[in-house]
Every structure is written in structure tokens, then in C-alpha cells.
Amino acid sequence: MLTPAAHELPGMRVLVMGLGLFGGGVGAVRFLAKHGARVTVTDLKTAEQLAESVRALEGLPVEFHLGSHRDSDLDACELLLISPAVAPDNSFLREAVKRGIPVETELNLFVKLCRAPILGITGSNGKTTTTALVEAATRRMGGPTWLPTPPGCFDRPKRVWVGGNIGRSLLADLDEIQPNDAVVLEISSFQLENLAAIGRFPAAGLVTNLQPNHLDRHGTMEAYGDAKKNVLRGRGSVGIVNADCPIVGKWASTASNPLTFGRKAPVGRGACLSGGWISIADNGDAHTILPASALRIPGLFNVENALAAACASWVLGATKDGIAQGFAEFRGCEHRLESFGTWGGVTWINDSIATNPDSTLAALRTLSQPLILILGGHDKGLPFEDLARAVSPRCRAVVLLGSASAKIGAALEAAGCSIPVDRAKDLGEAVAMSAARARTGDAVLLSPACASFDQFRNFEDRGKQFKALAQEATAGRAEVEEMMASAPRTATA
């Protein structure tokens with residue numbers, strides 16, 4: 001059955017601005033083409049840079065105008081669908097608005113047409129892991145209820161769909177999503193700004209934390225926080241906030257039905273640590289789920305992510321056993337403190353998702369071995385002073401790369417950095433320098449504290465290249481270790 005506005009799409013000339021590599025653009029194009037729209041895609045990136053996304057659209061009646069934006073593409077345009085990365089002051093977007101062309105986004109389109117209630121997850125750090133944990137906890141829906149449902153709780157959905165910034169557009173699934181299902185979306189601050197523009201908000205919202213990020217786009221922390229807070233503004237909404245975060249903890253009153261989570265502060269209703277157990281608190285009663293030590297993902301920040309996910313899963317009607325089993329089986333997401341190999345006694349860790357200094361600080365606090373730290377990338381206008389002060393006590397050396405390297409180097413110098421600081425022209429050289437510095441017992445950690453767009457398609461591309469380069473650089477060591485491990489042992493007198 002077609003979605004409510006699908007009858008308007010056949011023959012409509014739609015220009016998609018920003019195909020990207022995260023799945024949202026591809027999902028939007030597939031949806032529009034499926035429903036008969038005449039789709040043209042425009043992107044500043046070339047066909048070569050967007051090869052993965054272009055391949056995903058093979059066989060569809062789509063026209064590609066890549067490498068630039070042409071004003072002539074607006075001449076016949078009846079709807080402009082933009083990527084959330086498109087800034088409000090973009091000249092091509094302004095020209096479309098000047099011409100009176102309606103503007104839409106992939107997420108706005110989905111929220112307008114989705115028949116099921118939506119739970120949105122946002123935050124500066126941890127939102128992807130939290131969303132993935134909720135997905136793991138809600139795979140086994142059904143069974144007896146084990147706790148009184150909180151006010152505004154979803155009505156035991158038949159199926160939970162998970163998508164958004166986690167890398168999965170749900171637009172193509174709209175026809176299958178039923179009113180008695182539930183949808184969980186990871187949502188960025190850019191997407192939340194666009195939702196606010198149309199006055200549409202999720203039925204429930206969760207904010208993991210708020211730390212400096214994307215100030216190159218939002219300008220101030222206040223503006224960035226206001227964008228994040230939109231996830232809690234739904235009428236009659238459930239709002240799940242981090243009680244341990246000094247900013248987000250104050251946002252509980254924004255939602256009609258607030259719940260909180262935290263490992264430090266006691267909570268009245270929500271998720272907490274109780275005697276080392278991840279628990280649901282319901283007005284003083286703590287219902288244990290599983291010990292925090294049973295989590296397979298390292299770090300106190302991941303305990304916070306699990307508490308957030310437990311709270312969201314409770315709202316969605318997941319059972320205690322479903323949450324416990326899902327959490328215990330969850331092994332983490334790629335590019336998030338991903339230990340992918342040990343060669344010559346040196347462990348290599350991919351934390352490419354760390355696109356702000358606070359994420360890198362969390363990694364430094366979590367890992368125990370001496371570190372060779374690879375830092376740098378595209379500067380998002382964030383301060384590096386706190387990170388710079390933490391580097392010398394935890395690391396044996398730092399390798400800088402990317403457009404932010406000079407700024408990070410200056411912060412390290414101002415902090416009195418007492419360890420070697422190398423500067424690499426690219427990631428390949430950074431890996432070679434790190435391998436040369438590393439000793440047995442060390443770890444080489446890619447945790448850049450910066451965005452990836454100066455040298456890579458996205459953070460995933462950066463992480464995959466890092467893993468490939470590390471394996472190539474250590475291939476000789478790996479072969480020797482494998483040969484020694486398989487060699488026959490000779491007894492000695």
C-alpha cells in the first residue's frame with residue numbers, strides 16, 4: 001500500500017542535493033524512484049568519490065550531475081531534497097528558496113510519512129552504540145511484561161525498526177512499517193534543526209550527552225544544544241536524558257514524561273547502576289537486568305550507553321531477558337575502540353569515530369597500555385586544550401596529520417607536551433611512523449579528535465584505510481609470528 005503522499009510523486013521532477021556516502025541520500029533516491037519521481041542527483045563530489053553510492057543506484061532511472069551544482073538544474077525542479085550536511089547559507093540552496101522551490105530532507109520526508117511512533121536518539125557521543133544496543137535488546141520482542149510501563153511508553157510494538165544516522169535509511173521500508181510497529185532513529189543535530197523547521201518531532205527522545213562538537217556549523221554551544229534539545233519537544237513525548245551530564249541533566253523538564261539514566265546520580269525513574277548491575281529504577285524500586293561487567297564493550301562511557309539503551313528499550317516494551325541477552329551478545333560497532341590485531345606485541349586500535357576531543361579523551365581513559373596516538377583531520381572549530389593536557393601522561397608518542405595538525409601541535413606545545421610529536425603528510429606515513437615508534441606492550445590508537453573530510457570520504461573510509469595500512473605495515477611481523485606459532489616444538493634436556 002502506498003504511503004499517504006506517494007500519489008504526488010509520479011512524474012514529479014525532484015532534485016536530490018547531496019548523495020553522500022552514509023545511506024540517507026541513496027535511500028531517498030530509491031524511495032523517490034520507486035514511486036515514479038523523475039530524479040536528478042547533484043553533488044559537489046565526483047562520480048569517482050561517490051562510486052559506492054552510485055553503484056547502489058544502478059538500474060534506477062536516475063540522472064547524475066556530479067562534481068558541481070548547476071543553477072540550470074533548478075529550472076525544472078519541483079522539489080529540492082537536501083542532505084543534512086547542506087548549511088542553511090549554502091548559495092545553491094538560497095537560490096532554490098529564492099525561486100520558491102519547496103525544500104525537503106530525507107529524514108523530514110520519513111517523519112512526515114511514517115505511520116509508526118518514533119524514538120529519536122541523539123547526543124555528542126555514544127549515539128550510534130546506544131542505537132545499536134537498543135536494536136540488540138529489541139530483537140526478541142514479546143513475552144510477559146516484567147515492569148510497570150512508564151508514562152507515554154510505546155504500546156508493545158509488533159516490530160522495532162532501526163535506522164537513521166546509524167547508516168540505514170528506512171524510507172524504502174515505509175510501506176512495510178505498520179502503525180503498531182515502532183521506529184528507532186539515530187538523529188544528528190543537523191537533522192534535528194531541519195525537523196524543527198517543519199515542527200515535527202519524535203514521540204520519544206533520548207540525549208546521551210552534550211560536549212563541544214560541530215561548532216563550525218552551529219557557531220555556539222548554545223545553538224548546538226538547542227538543536228539537540230529538539231529531540232525532546234514532541235507533544236506528550238517521553239524524554240530520556242543523562243542525569244550525569246551537567247547540561248543534558250537539566251533538560252528533563254523539556255519532555256512531558258521525563259526519564260533519566262546515570263551511573264553517578266541516583267534516578268527516580270529510568271536506568272541506573274545498582275550494586276554494579278544495570279538496572280531499571282521505578283520510583284525507588286530497582287529491577288536488575290545484568291551486571292555491568294557482562295558487557296563486552298570497554299569503558300565507563302559504554303556503561304552509560306548501556307544505561308541509556310536500557311531506558312529506551314524499557315520504553316519500547318522490551319523484556320528483561322531480551323535486554324540482558326541483547327546486551328551480553330553485543331560486541332560493539334566498527335570504528336569504535338575496535339581492536340583489530342596484535343603483531344609483534346603491539347595492539348592496533350581503530351577509533352576513527354572519535355571526531356571530537358572528548359571522544360579521544362574517553363579513549364585515553366579507557367585504554368590501559370602505553371599509546372602511540374594518531375591525531376588530526378578536519379578542524380570543526382573545537383578546543384584541544386583539555387586533550388593536549390591529557391596526552392603526555394597516557395602516550396609515548398603522538399603522530400599528527402591533516403588540516404588541524406598545526407592547531408593541535410600548538411595546543412600540545414602550550415600544554416608542555418614532553419613526548420615525541422611526529423607530523424605525517426598522510427595516513428600511510430602516520431601508520432609507518434607509529435609502527436616505528438611502537439614497542440612490545442604498546443597500542444597504536446587512531447583516535448583523531450577531528451572530522452575526516454580533509455582527506456577521506458567519511459570516518460568509515462578513514463577507519464578502513466587505517467586497518468588496511470596497519471595490516472600491510474605489520475605483514476612481515478604477522479608472517480613471522482604465524483610461522484613460529486606453527487613450527488614444531490623441540491624438547492630440550
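# Close-up views of a predicted model

View 1. Helix 3 (residues 91-98) lies across strand 1 (13-17), strand 2, strand 4 (79-82) and strand 5, and runs at about 150 degrees to strand 4. The model shown here and in the other views is predicted. The open sheet is made of 5 strands in the order 3-2-1-4-5, and the pairing is parallel. Strand 3 (62-66) and strand 5 (103-105) stand at the edges with a single partner strand each, so one side of each has no neighbour in the sheet. From one strand to the next, the twist averages 25 degrees. Strand 2 (residues 38-43) pairs with strand 3 in the parallel sense over 5 bridges. Asp 43 has Leu 66 as its bridge partner in strand 3.

View 2. Strand 16 (residues 346-350) has 5 of its 5 residues buried, so the strand is largely enclosed by the rest of the structure. In a regular strand the side chains alternate between the two faces of the sheet. In strand 16, Val 346, Trp 348 and Asn 350 point one way, Thr 347 and Ile 349 point the other way, and all are buried. Strand 15 (residues 338-343) pairs with strand 16 in the antiparallel sense over 5 bridges, and Ser 339 stands opposite Ile 349. The hairpin of strand 15 and strand 16 has 2 residues between the strands, and Gly 344 takes a positive phi near 60 degrees there. Strand 20 (residues 443-446) pairs with strand 16 in the parallel sense over 4 bridges. The bridge partner of Trp 348 in strand 20 is Val 444.

View 3. Phe 340 and Phe 466 are both buried. Trp 348 and Phe 466 form a tilted pair, at 6.0 Å centre to centre and with 45 degrees between the planes. The Trp 348 and Phe 466 pair also links distant parts of the chain, from strand 16 to helix 15, 118 residues apart. Both Trp 348 and Phe 466 are buried. Phe 340, Trp 343, Trp 348 and Phe 466 make up one aromatic cluster.

**View 4. A charge over a ring.** The charged end of Arg 159 sits over the ring of Trp 161, at 3.7 Å from the ring centre.

View 5. Asn 356 lies in the loop between strand 16 and helix 11 (357-366). Its relative accessible area is 1%, so Asn 356 is buried. The side chain of Asn 356 makes a polar contact of 2.9 Å with the side chain of Asn 125. A polar atom of the Asn 356 side chain also lies 3.0 Å from the backbone nitrogen of Ser 359. Leaving out residues up to four places away in sequence, Asn 356 touches Ser 124, Asn 125, Pro 212, Asn 213, Leu 382, Ala 449 and Cys 450.

**View 6. Asp 216 in helix 7.** Asp 216 is found in helix 7 (residues 215-218). Asp 216 and Gly 381 are 165 residues apart in sequence, and their C-alpha atoms are 5.2 Å apart in space. Not counting residues up to four places away in sequence, Asp 216 touches His 378, Asp 379 and Lys 380.

**View 7. Thr 130 in helix 5.** Thr 130 lies in helix 5 (residues 127-137). Thr 130 has 0% relative accessibility and therefore counts as buried. The side chains of Thr 130 and Asn 305 are joined by a polar contact of 3.5 Å. With residues up to four places away in sequence left out, Thr 130 touches Ile 121, Leu 206, Thr 208, Asn 305, Ala 308 and Ala 309.

Definitions and conventions: Residues numbered from 1 in each chain as written. Predicted model: local features only at pLDDT ≥ 70, side-chain atom pairs only at ≥ 80, totals over all residues. Heavy atoms only, no water. Buried < 20%, exposed > 50% of the residue type's maximum accessible area, 1.4 Å probe, protein only. Pairing = 2+ DSSP bridges. Phe/Tyr/Trp six-rings, centres within 6.5 Å; stacked < 30°, edge-to-face > 60°. Lys NZ or Arg CZ within 6 Å of the ring centre and 35° of its normal. Axes fitted to C-alpha atoms, helices over the stretch in contact; angles between N-to-C directions. Contact = heavy atoms within 4.5 Å. Polar contact = N/O pair within 3.5 Å; in protein donor to acceptor, adjacent residues only side chain to side chain.
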